[in-house]
Amino acid sequence: DTLVTISPAQLGFNAVAKNKNDIVTVPDGYSVSVLYRMGDPILSGVAAFANNGTDTNFAGRAGDHHDGMAFFGLAATGNTRDANSSTRGLLVMNHENITASYLHANGPTAGAARLEAEAIKEIEAHGVSVVEVTQSGGAWTYVQGGALNRRITPNTPMALSGPARGDAQLKTVYSTDGTGARGTINNCANGITAWGSYLTCEENWAGYFRRASGDNANRSAKSVVALNRYGLSQGAAGANNWATVTAANTADQWKFSKWNTTVDTTKAADGTGDYRNEANQYGWVVEIDPYDANSVPRKRTALGRMGHEGAWPAPFVAGRKPVFYMGDDSRGEYFYKFVSATLWSAADANATDRLAIGDKYLDNGTLYVARFDATGQGVWLPLVFGTGVLTAANATYAFANQADVLINTRLAADVLGATKMDRPEWAAVNPANGEVYLTLTNNNASNRPLTGTNAANPRHYNDPVGTTNNYGNPNGHIIRLRETGDTPEATSFQWDIYAFGAGADLDATNINISGLDATNDFSSPDGLWFSRSSNAGGLVNPLLWIQTDDGAYTDVTNCMMLAAMPGRVGDGGARTITNTGTGGATATQSTFVGKAPGMQLRRFLVGPKECEITGIDTTPDGRTLFVNIQHPGENGTASNITSNWPYSQSGTTAGRPRSATIVITKTDGGVIAL
Ligand code: FEO
Ligand code: CA
Ligand code: CA
Ligand code: CA
C-alpha cells in the first residue's frame, strides 16, 4: 500500500436503535436542528411558506425531495470562495422529485387536463437549490436573499457541452442546432470537483415523458430501439400529466408540451419543430458553478447518458487524469467511470471561471463500463466509437459516431458485455487509498432470479415484508473496487463485497453474510459518502457513511444512516452461498466477501416516518454534519397526513410533512462520529 496507512481507531458514538418514531434519532451527545425545508423562501421578497397548498413561486423557494448535497465554503464576507470555511458557505442540493399530494390544497385537482398553476408549481419544485448558510453562536441558519442564492429548475437554460454537442439527435424546437437545453429534472445524487463546481445527475427523467401509442410508426427503427432501451416505450403516459396543460400565455406552452415526446408529423423531420428529441436533452451530468448565480449550467455529454445516480471523483492528483465514478440506477444497469483526457493541474483549483475549467477536464476523455468477473477481478470496457463492436455494423444498434455512443450509453454498454448490477446507486471513494465503494440498493425476482445471479450480485432469497414475499436481493449490498496499481485510470481492478444488507434475524450463512447485529443491520443502501479528508486532523480514519432508501425492512424500522470504518478490498475471501427461491428450490453462487464489518459499522441515525435518508456533507472541519431527509410521510395525502416531520422534531403533532436539510452537531463541539 503506497497510498495510505489507516490507523486503528474506534467509532466514537453509541448505536441508535431501530425505530419507527416520527423524528430523527441521533446518538446521545448529539443534537439535531432543522435548517432548510421544502418551501422555505430563498429569494428576496418571496413570502413565508404557509404549507397549506396555497403557496406559489417555487422558483424562489426550496424545492421538494432534498437529495444529493454539497457544502461550498465562502469567505467571511462577500461572494468569494473559501474552500476551508466551516462557518459560512453555500449549500447546493438536488430536489429530486415531489410529493404532489402536499403541494396543493387538496392534492392534485382531478380532471383530464392539469391546471397550469398546479403543474408549474410541481415543475418548479424540481431541480437544484443554491442557498447561503451561516453559523453564528453555534447555530446554523440559511440567508433569505443571499447574493448567490439561486433555484435551477426544469425550465432553466443550459448548454450542451462535449462530444454530443450539436448532434442531430439533440436538435429541438428550443435549440435547432442541438447545442442548448432547457432545464434539469430528477436530480438524484451528485458530485463535486476540485475547482469548486457542483455536479448534479439526472436519474429517472424518462418517467416524466409521455409518448403516444402509434409513435413508433413515425420514427426510424434506430430511434425506437433507443427510446425503448431508456424506458420510453410508445404508450408511456408520463408522470404528472404536465403535457395536458394549456398555458394562458402561449409563450409558456413549451414548459408543458415538451413533456410529450411524440412525433408531430406536421413538423420538420429533423426535430427542430417539435419535441420528438426532447428526451435526449436529459440523462446527463450537469455542471453548476455555485459561486456565479448568472452562470449557465453545462450538460457534460462525455460522461454519458443514462439514469445517472451520481458522479463522484477519485482524489485529484497533480499530473494524473481526473476520474469520476457513476452508477446508473435501474435494475440490471451498469457501473461506469469517466477518465479525463487532461492531466490535473493543481493551479486550476483556484480558477474563477469554473465552467471553463470544467470544459478542460470534463469534455474530453474516455467513458468506461465495468465488467465484474467470477475471478474477483474486473475490467473497465471503453465506450469508444469505432473500436470493437461499437460500429455501424453492430446488429443490435448501428452506432453512427461517438455522439451516438454517448447519447445511447446503455446500448453501447449492452453490446460490450458489461455486468448487470442490482441497481447501482451512489459511489464513494476512500480519500485515503482510492478504493471505490458502490451501493447496489436491491433487486427483484424477475431481474435477479434464482438462476440469474453472478459473482458480483450473488444473492437470491426471500425477506418478507409483513406477510408479503419479497424475493430477489431485497436488502441490497455494497461492492467495492481496488484499481490495479491503485491508479484510478487503470483499466482493470480487484473487487469484493464490503457488506450485505440484511435483518440480523436472517440466515447467517447465506443471507446475513456480513454478520450484522442489532446495532448495524440495514437494508437497501443508497446514499454513500466518505468523510472529508480535511477533518479529524488529516487522513487518519476516513469514515464511510451509508444511507438507506428502503421498502424491505420498513416493517421493522424507518430508513437510517450508518457510519463505518471499512477495511480494504481483499481482506476477506472467497465464499460460496446457497440461494433459495420459491418452492424451496436452491442454487449455489460463488463470490468474494470482505471481512465482516463487526463493530466497525454502527447505526448513527434513524429518520422519521416514510422518509428516505439521502444527501450528506460536512463542513471542512468535520464538526457540522448536513443530512437530507427526503419525502417524510410520502404515502399520505392532504386529508390523511402520515408524518408531521419536521414539526414533530420539536414535539408538534400537526403540519404537513416537508423534506428538509438537518444539521447535526456534537454537544461538545467535536468531530462528528469520532
Ligand atoms: Fe434517486 Fe437512485 O435514487
Ligand atoms: Ca422485512
Ligand atoms: Ca438515490
Ligand atoms: Ca434509491
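How many bridges join strand β32 to β33, and do the two run parallel or antiparallel? Six bridges join β32 (residues 624-630) to β33, and the strands run antiparallel; strands are DSSP runs (E, at least two residues), numbered from the N terminus, and two strands pair if DSSP finds at least two bridges between them. The model is predicted, so that local features need pLDDT of at least 70 and side-chain atom pairs count only at pLDDT 80 or more, whereas totals for chains, interfaces and linings use all residues. Residues are numbered from 1 along each chain as its sequence is written, and chains are lettered from A and ligands numbered from 1 in the order in which they are written.

Within this pairing, Phe-626 stands opposite Val-663 of β33. Strand β1 (residues 30-37) is also antiparallel to β33, to which seven bridges join it, and Tyr-30 has Lys-666 as its bridge partner. Strand β33 (residues 660-666) has seven of its seven residues buried, that is, with 20 or more other C-beta atoms within 10 Å of their own, C-beta atoms being placed from the backbone. Ala-660, Ile-662, Ile-664 and Lys-666 point one way, and Thr-661, Val-663 and Thr-665 the other way.

Technical notes
Buried ≥ 20, exposed ≤ 12 C-beta atoms within 10 Å, placed from the backbone. Helix = DSSP H or I, 4+ residues; strand = E, 2+ residues; numbered from the N terminus.
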